[in-house]
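My notes follow in the order I made them.

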Amino acid sequence: MSQHPDGTGIPHSEPKPVHTRTTWPKMACALAGDVVIPLVAFYALRGAEVNQWLALLLASLAPAATVAVTWVHQRRWDPMGTFVIAAMTLSLAIALITGDARTLLARESWITGLFGLWVICSLATSRPFLLDMAIKLSTPELADRLAHLWQHSAVFHRWMRATSLAWGTAFLVDAGARVLMAYTLPLDTVPLLGAVLLIAALTIAQGSCMILGRRSGALKLLKPGTSSAPQPEGAC
C-alpha cells in the first residue's frame with residue numbers, strides 16, 4: 001500500500017469522494033422507529049378512545065420492533081439494540097406493576113438518561129460510542145477515515161470528545177425534563193412535547209458541534225486527501 005504524501009498511511013492513488021449523505025437514510029429510519037412511529041401510534045390509539053395507559057404501552061413497543069428488524073436484517077448482535085430492549089423490558093415491568101400512565105411516561109427518561117450517561121462514559125473506552133456509531137453508519141471510505149483520524153489527529157480527537165459531551169448532556173437534560181413534564185403536565189400533551197424537546201436538544205447540541213468542527217478544522221479533515229498529521233496543542 002502506497003503512503004500518502006502527508007505520511008498518514010492512507011492510500012493516495014485514485015482517491016474516492018466521501019459521501020456522508022449516505023448515512024442520512026439510516027439515521028432517518030432510526031428516528032422514525034424511535035420517535036415518529038411511537039408518537040403517531042399513541043395519538044392514533046387515543047383517537048380510537050384507547051385509554052392513556054394502554055395507548056402509551058402499545059406505542060412504546062415500536063422501538064423494540066425496530067431493533068428486532070435490525071437484528072434480523074444484519075444477523076448480528078447489536079449492543080445498542082440490547083440496551084434499548086433491556087431498558088424497555090425493565091420499564092414495561094414497572095408499568096405493569098404500577099398500572100400508572102404517568103409512571104409509564106416517566107420511564108422514557110430512564111432510557112434517555114442512561115443513554116446520555118453511556119455516551120459520556122464511553123469516552124473512557126478506546127472508541128467513544130458516537131464515533132463507533134458514525135463508523136457503522138458511514139461508507140467504508142469514510143469509516144476508515146474516521147477510525148484513522150481518531151488515532152492520529154489531536155484536533156479530531158478533541159472535537160469527538162466535545163461532541164460526545166454535548167450529546168450526552170443533551171440526553172441528560174431531556175431525561176430530567178421528561179420526568180418533570182410527566183408528573184406536572186396534561187398527560188396527552190407529554191409525548192408530543194417530549195419528542196419536540198429531544199429533537200430541539202439534539203439540534204442545539206449537534207449545531208454547536210458543527211460550528212466547533214468548522215472553527216477547529218476537524219470537519220475539514222474528513223475530506224479525502226486532507227492531512228491528518230498531529231496538530232499543535234491549542235489548534236482547537
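**Ground rules.** I took buried as under 20% relative accessible area, exposed as over 50%, and partly exposed as in between, with a 1.4 Å probe and protein chains only. This is a predicted model, in which local features need pLDDT of at least 70, side-chain atom pairs count only at pLDDT 80 or more, and totals for chains, interfaces and linings use all residues. Residues are numbered from 1 along each chain as its sequence is written, and side-chain values use heavy atoms, with hydrogens and water left out.

**Overall.** I looked up the secondary structure first. I read helices (H or I, at least four residues) and strands (E, at least two) as DSSP runs, numbered from the N terminus. The protein has 9 helices and 0 strands. Along the sequence the pattern reads α-α-α-α-α-α-α-α-α. Of the 236 residues, 39% are buried. For contacts I used heavy atoms within 4.5 Å. Among contacts between residues at least 6 apart in sequence, 69% join residues at least 24 apart.

**Arg-127.** I found Arg-127 in the loop between helix 5 (101-121) and helix 6 (129-137). I left aside neighbours within four places in sequence and found Arg-127 in contact with Ser-122, Asp-132, Ile-135 and Trp-150. For polar contacts I took a pair of N or O atoms within 3.5 Å; within protein, one must be able to donate a hydrogen and the other to accept it, and residues adjacent in sequence count only if both atoms are side-chain atoms. The side chains of Arg-127 and Asp-132 make such a polar contact at 2.7 Å. I also checked Ala-147: it is 20 residues from Arg-127 in sequence, and the C-alpha atoms are 8.8 Å apart.

**Helix 6 against helix 7.** I fitted axes as lines to C-alpha atoms, for helices over the stretch in contact, with angles from 0 to 180 degrees between N-to-C directions. The two helices pack at about 155 degrees, with their axes 8 Å apart. I therefore logged helix 6 as roughly antiparallel to helix 7. The cut-offs are under 35 degrees for roughly parallel, over 145 for roughly antiparallel, 65 to 115 for roughly perpendicular, and oblique for the rest. Leu-131, Ala-134 and Ile-135 of helix 6 meet Ala-143, Leu-146, Ala-147 and Trp-150 of helix 7. By class, this contact has 7 nonpolar, no polar and no charged residues. I counted Ala, Val, Leu, Ile, Met, Phe, Trp, Tyr, Cys and Pro as nonpolar, Asp, Glu, Lys and Arg as charged, and the others, Gly among them, as polar.

**Leu-131.** Leu-131 lies in helix 6. Leu-131 is buried, with a relative accessible area of 0%. Beyond four places in sequence, Leu-131 is in contact with Leu-146, Trp-150, Phe-156 and Met-160. Arg-161 is 30 residues from Leu-131 in sequence and 9.3 Å away, C-alpha to C-alpha.

**Ser-138.** The Ser-138 side chain reaches the backbone oxygen of Ala-134 at 2.5 Å.

**Helix 2 against helix 5.** Helix 2 (residues 52-59) packs on helix 5 at about 25 degrees, with the axes 8 Å apart. That makes helix 2 roughly parallel to helix 5. Which residues meet here, in helix 2 and in helix 5? I listed Gln-52, Trp-53, Leu-56 and Leu-57 from helix 2, and Ala-101, Leu-104 and Leu-105 from helix 5. The contact divides into 6 nonpolar, 1 polar and no charged residues. The buried residues of helix 2 are Trp-53, Ala-55, Leu-56, Leu-57 and Ala-59.

**Around helix 2.** Asn-51 caps its N-terminal end, with a side-chain oxygen 3.1 Å from the backbone nitrogen of Trp-53. Glu-49 sits in the loop between helix 1 (24-47) and helix 2. Most residues other than glycine have a negative phi. Glu-49, not a glycine, has a positive phi of about 65 degrees. Glu-49 is exposed, at 72% relative accessible area.
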